[in-house]
Amino acid sequence: MELNKILAGVLVAVLVVIGISNLSDVLYHQEPLEQNAYVVEVEDATAAAGAVAAVVEDLPSLGELLAVADASKGAKVFKKCAACHSVDNGGAHKTGPNLYNIVGAAKAGKAGFSYSSALADMDGEWSYENLDAFLKKPKDYAPGTKMAFAGLKKPEQRAALIAYLRENSDVPLALPAALPAAE
Ligand code: HEC
């Protein structure tokens, strides 16, 4: 009799355990989702790349920027330069050379200023393109230059500044020829 009671007790215990696990299965069972609950929209990668390329292509060229550049804005930008440069006719050299007539002038050509060899060894003139590249990051354009100036990142700012420098001249250099009209 005792043995029967024990066996019955064990049996009940087993049934209870099985019952509970089935019950929790019923309560918590989930079908796998067919789709992520949060769908992240990813634009077609090639379309996105194309859009970027189009924007890059649409950036105005230096010629286009100069055509609409505002020299009076450039005068304001020149305040960043004025600690080291004068720009008036006959102005004194300071830390940097006087910049009157600089657009179109020979590089490192101002009499009475002692240039670094980085600049003195450069050939050619300060064309619009050259000046734009130099002012963007002097140390990239002329490694070793003693012009301690980080550069101007914004193309519009550089164009305005160059337009201002251009006006401070006996005979302002002609602006770059208009671009061929788009077909
Ligand atoms: C901290 C002083 C300093 C500042 C600020 C500075 N420059 Fe200069 N700049 C110099 C020095 C020094 C040189 C000569 C560099 C050399 O010999 O390597 C120079 C050279 C130049 C030259 C070449 C001149 C030539 O005869 O070939 C140009 C152009 C020029 N600077 C324009 C600018 C403009 C524009 C700015 C303002 C955005 C500016 N600089 C800001 C110190 C400065």
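How many nonpolar, polar and charged residues does the lining of the largest pocket have?

## Basis

The model is predicted: local features need pLDDT of at least 70 and side-chain atom pairs pLDDT 80 or more, while totals for chains, interfaces and linings use all residues. Residues are numbered from 1 along each chain as its sequence is written, and side-chain values use heavy atoms, without hydrogens and water.

## Largest pocket

The lining has 21 nonpolar, six polar and three charged residues (Ala, Val, Leu, Ile, Met, Phe, Trp, Tyr, Cys and Pro count as nonpolar, Asp, Glu, Lys and Arg as charged, the others, Gly among them, as polar). A pocket is an open set of points on a 1 Å grid over the protein atoms alone where a 1.4 Å probe fits, with protein on both sides within 12 Å along at least five of seven lines; lining residues have an atom within 4 Å of a point.

The volume of the largest pocket is about 510 Å³, taken as the space filled by probe spheres set on the points. Of its 30 lining residues, His85, Gly96, Pro97, Phe134 and Met147 lie nearest the centre. Helix α6 gives the most, three residues (helices are DSSP runs of H or I, at least four residues).

## Helices α6 and α8

The contact (heavy atoms within 4.5 Å) involves α6 residues including Leu131 and Leu135, and α8 residues including Leu161 and Ile162.

Methods
Helix = DSSP H or I, 4+ residues; strand = E, 2+ residues; numbered from the N terminus.
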